[in-house]
Amino acid sequence: MTDRPIAVVGASAAGITAAEALRRAGWTGPLTLIGDEPHLPYDRPPLSKQLLHGAWEPERLLLRTAEQLDPLGLDLRLGTRATGLDVATRTLTLAGGERLACAGVIVATGVAARTLPAADGLAGVFTLRTLDDALALRGDLAGGPRRLVVVGNGVLGCEAAAVARELGHDVTLVGREPVPMAAAVGRGIGELLAEEHRARGVRLLTAEVAGFEVAAGSAVGVAADRTAAQGAPPRVSGVRLAGGELLPADLVLLAIGSAPAVGWLTDPALDITDGLRCDTYCAAAPGIYAAGDVARWEHPEHGRPLRFEHRMNATEQAMAAARNLVAELAAEGALPGGAEGAPPPERRPFAPVPYFWSDQYALKLQAYGLTTGADEVETTVLDRAARRAVALFGRDGRAVGVLACGLPPRQIRALRAVVAGPGPWEEARAAVRAATAAA
Amino acid sequence: MKITLDADKCCAAGQCVLIAPEVFDQRDEDGVVVLLDAEPPAGQHAAVREAAAICPAAVIEVQE
């Protein structure tokens, strides 16, 4: 039993953090890290920021150097996709058919960018999830000013629009939301950001996309069934909106959200509705844990299953899942002999204060707690011209989240304390006023 | 223990300051990390390791 590896599926931020945390928690047995991309673990937030901008090269995104990975003693399987998991026997199937019987598994496969069927196979249409995606878009933005249409006005679309505009491109941001990023930051902060984007010269539109024009001039509907073109793929020349308007485009970025990478988890013992469902310990089944964007777990403070596509959650949850898996294996007597130090004595619920940030132009947004799913949002604009603002998010009479735009670090840390343990709404309002009084 | 920072990568999340306030601080103007003690005493080591592991921009490198 103890010659079996722990396998971590997914080699991005959550995966590499889980591997390191397993070693720190005392797992001395074999450790397999499986990633479907060919690259060493790299960081994704800079893809839509510094990398797209050209300020950073891909080497800068590496989360660990080869020298830092070496002491982990990993069986590193890059460019390898897991295709199945038998829960009862903890056995993974890898592309190519190899079966890997494991002592435990941590699922950290993340999410994949959503696309539109009508855009399949069109040159000039991009998504932005992987390093290869970002380098391809950056390459096409490099040859002088282009007309870029960003489809989707959430956080990713807004960040990419800001970078493209800074690079001097003609940028149109079109999305379903009347206010960009409103789902993540609330209407008040979203309107403030919209003002900044307009002031920087981005055209903002609220509309549904009906289809894409290609260079030859033939319209392609979103739902159209299209046969592959002969030879070179058709190149996008415009985006057709549901109201009929045509947005001419040299390049199109689809930033319409993402879907958890759970298609390979077909064992009926697992619930894969909107991510891999886990309990409060990040366990999906005995010996099977999940971390990062793919994991939907029961947050003990909020009393409902939550899933975050946030960079901070990837590391925090990976550390928790790894620790809890080792504690479970220790309780089973399934740790290899010679473990250094004492293993974690018992599993602990994973109860983080969620955090995310976004950089657009010179603006920095930082949020703690829950900002989506709020039934009450109070935005206070402290300085409209400087885009300094704070928003408090409530649900069922409790303050559950807070977001700061352009505030200094001491105030932001004070705001975090307001929502670290969700408290009554009125108390939190007063605390936010006190924390930002000197702003 | 010796700590080095790649502060250009810092995203100003401030998690390191929450975890190890004796060792890390943030600049007032932009929140970028400031190293207060590059060779902290043993009592700080566990907190520093956690801060390095949790940093969402992989800024903190620890040599032991």
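Start at the contact between the two chains, which takes 16 residues from chain A and 13 residues from chain B; two residues are in contact if their C-beta atoms, placed from the backbone, lie within 7 Å. This is a predicted model, in which local features need pLDDT of at least 70 and side-chain atom pairs count only at pLDDT 80 or more, while totals for chains, interfaces and linings use all residues. Residues are numbered from 1 along each chain as its sequence is written, and chains are lettered from A and ligands numbered from 1 in the order in which they are written.

On the chain A side, select α1 (13–24), α7 (311–332), β24 (355–360) and α8 (409–420), each of which supplies at least two residues that touch chain B. Helices (H or I, at least four residues) and strands (E, at least two) are DSSP runs, numbered from the N terminus. The largest share, 5 residues, comes from α7(A). Colour this side by class to find 8 nonpolar, 2 polar and 6 charged residues. Here Ala, Val, Leu, Ile, Met, Phe, Trp, Tyr, Cys and Pro count as nonpolar, Asp, Glu, Lys and Arg as charged, and the others, Gly among them, as polar.

Next, select chain B alone. Its elements run β-α-β-β-α-β from the N terminus on. The radius of gyration of chain B, taken over C-alpha atoms, is 10 Å, close to the 11 Å that the globule rule (2.2 Å times the number of residues to the power 0.38) gives for 64 residues, so chain B is as compact as a globular protein of that length. Along the principal axes, the C-alpha atoms of chain B fill a box of roughly 30 × 20 × 15 Å.

Return to chain A and colour by domain: domain 1 (6–112 + 258–332), domain 2 (115–254) and domain 3 (362–435), with bounds from an automatic or database domain assignment. Between domain 1 and domain 2 of chain A, the C-alpha centres lie 30 Å apart. Where these two domains meet, 14 residues of domain 1 are in contact with 13 residues of domain 2. On the domain 1 side, helix α2 (residues 50–53) of chain A gives the largest share, 3 residues.

Last, pick out the open sheet of 3 strands in chain A, ordered β4-β5-β6 with antiparallel pairing; two strands pair if DSSP finds at least two bridges between them. β4 (82–86) and β6 (99–101) of chain A stand at the edges with a single partner strand each, so one side of each is left without a neighbour in the sheet. Strand β5 (residues 91–94) of chain A is joined to β6(A) by 3 bridges.
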